Amino acid sequence: MNKITELLNIEYPIISAAMNWVTSAEFVAAVCNAGGMGVLGPNAGQKLHPTNLKEYADNLRNEIRKVKQLTNKNFAVNYIFPLDDSGTLPFGSLLFDIIVEEEVKYVVAIGNQMVASEMIKLKEQGITVIYRPLNPTVHNILEAEKHGADAVIVTGSEAGGHFSQYNLSLFTLLPQITAVVNLPVIAAGGIIDGRGAKAAFAMGAQGVYMGTRFIATVENPASPAAKQAIIDVKSEEILELDGVYERTIPTPGGKKAYQLINEGKSLDAVPYHKNGYKETLLLGNLDQGTISVSPSAGGIQEILTCQEVIDEIINHISY
């Protein structure tokens with residue numbers, strides 16, 4: 001049996017990324033029901049920014065409960081590590097309490113570095129932890145193994161959303177890591193179909209973690225305008241926002257963010273590439289923000305169901 005399917009008790013080793021705003025309960029359940037594992041990300045299922053931490057917590061709790069109503073399959077919740085052992089995120093304790101109280105058994109934990117105390121907390125509750133360093137290296141993957149992660153996600157610089165400061169491609173990093181760790185490794189960054197997944201498996205990956213491809217699905221809550229922008233974009237058109245480790249489709253808002261950053265007006269660009277993410281990706285107001293995707297988006301030609309995405313991948317790979 002494949003190590004990831006065995007660890008997560010899922011049918012296929014395909015995990016949808018924990019994307020901000022566009023991982024509603026309905027979408028997560030659709031991925032799970034198609035045989036993969038869906039992950040609830042930040043602001044899951046919402047269209048408005050929470051006004052306080054309690055509202056954020058209540059929203060997440062409701063989405064967790066909704067997923068359980070829509071599927072009996074396993075799913076995960078995104079968990080964010082604090083910057084270091086001495087600091088905590090404002091909602092860190094709240095998030096932990098919700099995960100425990102709602103009996104969530106799987107998390108995708110992200111962070112700039114491994115925080116041993118957080119790993120211990122999660123493992124003491126019997127939670128399976130998939131660790132995803134934001135800036136992956138052989139060293140920090142080995143650290144994750146040392147501190148008890150159950151699996152790791154290796155993200156190449158081809159990723160959408162935040163990509164690594166080291167600018168290492170997936171196929172540069174992946175074989176180095178699978179050669180030295182005993183943990184099951186999940187590949188991420190630029191994988192949009194079975195051909196990419198097959199290549200990752202050939203380099204030792206046991207699963208794939210996909211974001212951009214899953215935005216362009218029927219069940220994803222992204223706006224029709226955003227999905228069409230993904231279908232229409234060519235890889236060479238995608239803009240890299242210097243210094244913020246993000247890319248964007250050249251929407252009017254995306255081009256504005258790119259222009260402002262290049263002019264040295266990074267603060268003026270924030271409403272477009274941070275606050276505007278929801279406006280454009282979720283609400284379809286393309287003049288107000290960015291659509292952060294992998295440059296592999298140029299290879300996405302149609303909107304598919306989550307089942308169709310997963311079936312196409314499984315038809316290409318043996319695991």
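What covers the buried residues of α4? Keep that in mind as you select.

This is a predicted model, where local features need pLDDT of at least 70, side-chain atom pairs count only at pLDDT 80 or more, and totals for chains, interfaces and linings use all residues. Numbering starts from 1 along each chain as its sequence is written, and side-chain values use heavy atoms, leaving out hydrogens and water.

**Stop 1: helix α4.** Select residues 92-101. Helices are DSSP runs of H or I, at least four residues, and strands are runs of E, at least two, numbered from the N terminus. Color Gly-92, Leu-95, Phe-96, Ile-98 and Ile-99, the buried residues of α4. Buried means under 20% relative accessible area, with a 1.4 Å probe and protein chains only. These residues sit on the same side of α4, because they cover an arc of only 160 degrees around the axis. The arc is taken from the directions from the helix axis to the C-beta atoms.

Now show the cover: it includes α3 (53-70), β3 (76-80), β4 (106-111) and α5 (116-124). Contact means heavy atoms within 4.5 Å.

**Stop 2: α2 and α14.** Select residues 25-33 and 306-314. The two helices pack at an angle of about 35 degrees, with axes 8 Å apart. Axes are lines fitted to C-alpha atoms over the stretch in contact, and angles run from 0 to 180 degrees between N-to-C directions. Show Phe-27, Ala-30, Val-31 and Asn-33 in α2; they meet Cys-306, Gln-307 and Ile-310 in α14.

Definitions and conventions:
Buried means under 20% relative accessible area, exposed over 50%, partly exposed in between (1.4 Å probe, protein chains only).
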